[in-house]
Amino acid sequence: MTPSTGPGGVRFRDLNRNGRLDPFEDPRLTPEERADDLLGRLSLPEKIGLLFHTVIEQGPGGTLLDGPGAISKTGTREVVLGKHLTHFNVHALGSPREAARWHNALQELAVEAPHGIPVTVSTDPRHGSSENAGASFAAGAFSQWPEPIGIGALHDVEAVREYAEIVRAEYVAVGIRMALGPTLDLATEPRWARQQHTFGQDPELVSRLGEAFLQGVRGDGVGPGSVACVVKHFPGGGPQMDGEDAHFPYGREQVYPAGRFEDHLAPFRRATAMGVAGVMPYYGMPVGLARGGVAVPEVGFGFNGPLLQGLLRDELGYDGLVLSDWELINDNHVGDQVLPARAWGVEHLDAHGRMELLLEAGCDQFGGEECVEILADLVAAGRVSQERVDVSARRVLLVKLRLGLFDDPYVDEDEAERVVGNENFRRAGMRAQAESVTVLQDESGLLPLAGGGRRVYAEGLAPEQVARLGERVGRPEDADLAVVRLAAPFEPRSDLFLESWFHQGSLDFPPGRAVRLSRIAQHCPLVLDVFLDRPAVLTPLLPVASVLTATYGTSDEALVDALTGQVEPRGRLPFDLPRSMDDVRAHPEDRPGFEDPLFAGGAGARSPQASR
């Protein structure tokens, strides 16, 4: 849309195409003034559309998708113009140029709506190495960094701020203006599948790193260069019973056997005090939780009025956007699999009853849903008032207005190509991957692996990186050094949709793993690296490894940089590592750390330095 010129030479976008400058189009007014004006102009279907935040997918070559996608339920034109949705969580993206082209096409489509409300595009984290359609995406064209748990392993506020500033620059370049994160949950239950997206187990450290991330993504002030953040998962999603994830029916309970609810809440107190744009409650339902001597209802956090309205709104004074986690209302069918609606504790309610309760509890947007007809039914039946819809619609509009989307939502394809994944950003991400390497054992002082001339047996390491260490050989018997990379163990599951992407269950390696590694170590020193997307029981591996390192999404190249001393590995464990699964089973899910861990959180720095 070409800007118009109004009285006094004011440049504005005539979004309702009436040929005059209306208050909601006037960039000189405050976001609050503009939102109030626009709210009075919108039809009920337009207001209802603002309360939904669903998945969207890019079409080939940066085009809009005509019909449903792999996960998205409805074609783009229908969901924007037919259902009036203006908030979308994007999944797979093409090249930076294609992503920018798609975003601009989406904004042009939005202009065709009665009031031209611009689209807000959100994303789950996409700067790491893990691919999980329910939680994160691999970096692709974006600069690649350690998973957030590896950022936490740096224990460094300035490093987190640099990471966040680069995330912001790359997101803004392609039109992503909302981050579904950071994840401020505490990694207190070692079996939980989502620890890799946290900053660790310590409430104070997570609070400080969370603040640094929010500052870096916000920039100098909320505006055209900012990305709005939705912190998750209020009031702390870490203490899942037995470590099972609340995406799935068997993981719906969240428990506090050590009475540490306030530890988990602490990072959210700091984030809401900063005025974060959005808060996302988790799926889990608290079991046996009381605050101030009053029992908290055993229903999912999104449905939980005493925690959303009472704690978040009233006690913490938060008046921003509350976005529910995905699909609390309807079951999700994808191919031949299903994921039941995460209506934990209120499974007996129908879709209308669930939506009504979410609004009563204090949610403003329904994540992963586009069932606008259900909310229209509730309003028509008098079960939800138009005034209640207005309250949430206004919060949604304020986020858009504060980001400057009403005045200029478009991005430059050339700029997107220049910014996303540029050499400086890639180098910074590679350095962070190497620095986050945590050296847990090196009793013989084998590191750094300086010089060459050695014969190297390797597993899980790219040939070109083996060549940096020496000549590759095919048998340990012929080697001077062995390097083996492993991933933390988990129990594969694949019955429910998304389940195969979540690493859950036992932290024990198969019993034969240590035996096989010991046979390698009989012939030469063994450098053993374990990717910790969650803790693992490393006890059987200690006797066989000359060097033991932990990584959190570090490429082969970055690992070799750390092993050879080209980059100093300064990572420190972001969580305790347990000695055994018996210790894990006996450990209270909500308590940070073990009484007698194999390695304690903070262990591993070769050159200890205080966090900044």
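Me: What makes α8 oblique to α9?
Reply: Start with the axes: those of helix α8 (residues 261-273) and helix α9 (residues 305-315) come within 11 Å and cross at roughly 50°. Axes here are lines fitted to C-alpha atoms, for helices over the stretch in contact, with angles running from 0 to 180 degrees between N-to-C directions. Under 35 degrees counts as roughly parallel, over 145 as roughly antiparallel, 65 to 115 as roughly perpendicular, and the rest as oblique. The crossing of roughly 50° falls in that rest, so α8 is oblique to α9.

Me: And what are we looking at here?
Reply: A predicted model, where local features need pLDDT of at least 70 and side-chain atom pairs count only at pLDDT 80 or more, while totals for chains, interfaces and linings use all residues. Residues are numbered from 1 along each chain as its sequence is written, and side-chain values use heavy atoms, with hydrogens and water left out. As for the element names, helices (H or I, at least four residues) and strands (E, at least two) are DSSP runs numbered from the N terminus.

Me: Which residues make the contact between α8 and α9, and which hand does the crossing have?
Reply: On α8 they are F261, L265, R269 and T272, and on α9 L307, L311, L312 and E315. Contact means heavy atoms within 4.5 Å. The crossing is right-handed; that word applies if the near helix is turned clockwise from the far one by less than a right angle, and left-handed if anticlockwise.

Me: Why is α17 called mostly covered?
Reply: Seven of the eight residues in helix α17 (residues 556-563) are buried. Buried means under 20% relative accessible area, exposed over 50%, and partly exposed in between (1.4 Å probe, protein chains only). The buried ones are D556, A558, L559, V560, D561, A562 and L563.

Me: What hand does the crossover from β3 to β4 have, and what does the word mean?
Reply: Strand β3 (residues 52-56) is joined to β4 by four bridges, and the two run parallel. The chain goes from β3 through helix α3 (residues 76-82) to β4, a right-handed β-α-β crossover. That means the path from the first strand over the helix to the second runs clockwise, with the strands pointing away from the viewer.

Me: Where do the side chains of β4 point?
Reply: In strand β4 (residues 87-90), H87 and N89 point one way, F88 and V90 the other, and all are buried. N89 is the bridge partner of V55 and stands opposite S122 in β5.

Me: Why does H84 count as buried, and what is its phi?
Reply: H84 has a relative accessible area of 17%, so it is buried. It sits in the loop between α3 and β4, with phi near 65°, a positive value in a residue other than glycine. Most residues other than glycine have a negative phi, and most peptide bonds are trans.

Me: Which peptide bonds are cis?
Reply: Among them are K232 to H233, with omega about 5°, and F234 to P235, with omega about -5°. H233 is in strand β7 (residues 228-234).

Technical notes
Pairing = 2+ DSSP bridges.
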